[in-house]
Amino acid sequence: MLISCQNMDFLTHNQKEYIRELERRNELRRSLTLPIGLSILFGGAIYSLMAGFSWSDEPVLAVYAFVTASVPASVFWASAVLFLIKSHIGYEYAYMPTAKELEEYKEKLVDFYKEIAQEDISDQDVRDHLRKEYADNAHHNCLNNNTKAAELHKANVRFVGVLLFLGLMSLISISQPFLEVFYG
Amino acid sequence: MASDDNAQKKPEPKEPQKPKAPPSRYIKENNDKRKKKNG
């Protein structure tokens, strides 16, 4: 069934959008917990593997292989941390005026219409203001959330890269005794 | 003429101004400072 625009309550619609964007902001905040934990875990693992690798005793090929794996792992890790920071810091969210401010505005409007001896349309004025503010704020917060989600996604993709190269680093470290036998 | 000048100089009674609507606020995450829209 088609809904005609005339019957559509834009105030309710805009209010719902505004609330939805604030909920999305909270979800994005909560979803940061896992990547932050991963970054600490992966950072620690990269450091441990690099510190534990016996650089001087290993065959040259093993050292090359380890460096080839550890450099991209470190670069992926650093860029993932950078995107995590970018997804968390520097966002300005828009919030509606407080209930008290709106109440005071309504009272001033009532006084104003009394003073100019016109029909009191303060309710309509307040509704119009709310409708516009809800729309503006929902739009502003939506753009913030989109950017935030994109940065978080970039961080997660880089964590996959870290995981792959970390696995490779671990394999090279574990295979140390076998390489010693192979290369003498 | 002089009376006309005096009439022109008299300040006109101010019409009541429509009250300004309260603006939304922009709040930075990790920062409690509240900033009003349009300054």
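How many of the 39 residues of chain B count as buried? The share is 5%, where buried means that 20 or more other C-beta atoms lie within 10 Å of a residue's own, exposed means 12 or fewer, and partly exposed is in between, with C-beta atoms placed from the backbone.

A note before the views: this is a predicted model, in which local features need pLDDT of at least 70, side-chain atom pairs count only at pLDDT 80 or more, and totals for chains, interfaces and linings use all residues. Residues are numbered from 1 along each chain as its sequence is written, while chains are lettered from A and ligands numbered from 1 in the order in which they are written.

View 1. Let us start with chain B, which has 1 helix and 2 strands in the order α-β-β along the sequence. Helices (H or I, at least four residues) and strands (E, at least two) are DSSP runs, numbered from the N terminus. The contact draws 13 residues from chain B and 20 residues from chain A; two residues are in contact if their C-beta atoms, placed from the backbone, lie within 7 Å. On the side of chain B that touches chain A there are 7 nonpolar, 2 polar and 4 charged residues. Here Ala, Val, Leu, Ile, Met, Phe, Trp, Tyr, Cys and Pro count as nonpolar, Asp, Glu, Lys and Arg as charged, and the others, Gly among them, as polar.

**View 2. Strands from the two chains pair up.** Pairing is called when DSSP finds at least two bridges between two strands. To find your bearings, look for A:Tyr95, whose bridge partner in E1(B) is B:Arg25. A:Ala94 is also in strand E1 of chain A, and A:Ala94 counts as buried because 22 C-beta neighbours lie inside 10 Å. Leaving aside residues up to four places away in sequence, A:Ala94 touches A:Asp136, A:Asn137, A:His140 and A:Asn141, along with B:Ser24 and B:Tyr26. The C-alpha atoms of A:Ala94 and A:Met169 are separated by 45 Å, with the two residues 75 apart along the chain.

**View 3. B:Pro16 against chain A.** Now move to the loop between helix H1 (2-9) and E1 of chain B, where B:Pro16 lies. B:Pro16 is exposed, as it has 12 other C-beta atoms within 10 Å. Not counting residues up to four places away in sequence, B:Pro16 touches A:Phe112, A:Glu115 and A:Ile116. B:Tyr26 is 10 residues from B:Pro16 along the chain, and their C-alpha atoms are separated by 30 Å.

**View 4. Helices H1 and H5 of chain A.** H1(A) (residues 10-30) and H5(A) (residues 122-174) pack at an angle of about 30°, with their axes 8 Å apart. Axes are lines fitted to C-alpha atoms, for helices over the stretch in contact, and angles run from 0 to 180 degrees between N-to-C directions. H1(A) is therefore roughly parallel to H5(A); angles under 35 degrees count as roughly parallel, over 145 as roughly antiparallel, 65 to 115 as roughly perpendicular and the rest as oblique. Their crossing is left-handed, meaning that the near helix is turned anticlockwise from the far one by less than a right angle, with right-handed for clockwise. The contact residues divide into 12 nonpolar, 5 polar and 7 charged.

**View 5. Helix H2 of chain A beside H5.** The axes of H2(A) (residues 33-52) and H5(A) come within 10 Å and cross at roughly 25°, so H2(A) is roughly parallel to H5(A). The crossing is left-handed. By class, this contact has 12 nonpolar, 4 polar and no charged residues. Among the residues that meet here are A:Phe42 and A:Ile46 in H2(A) and A:Phe159 and A:Val162 in H5(A).

**View 6. Helix H2 of chain A beside H3.** H2(A) packs with H3(A) (residues 60-86) at an angle of about 155°, the axes being 10 Å apart, so H2(A) is roughly antiparallel to H3(A). H2(A) passes H3(A) in a left-handed crossing. The residues of the contact comprise 10 nonpolar, 4 polar and no charged.

**View 7. A:Ala117 in a loop.** A:Ala117 sits between helix H4 (99-115) and H5 of chain A. Although not a glycine, A:Ala117 has a positive phi of about 55°. A:Ala117 is exposed because 6 other C-beta atoms lie within 10 Å.
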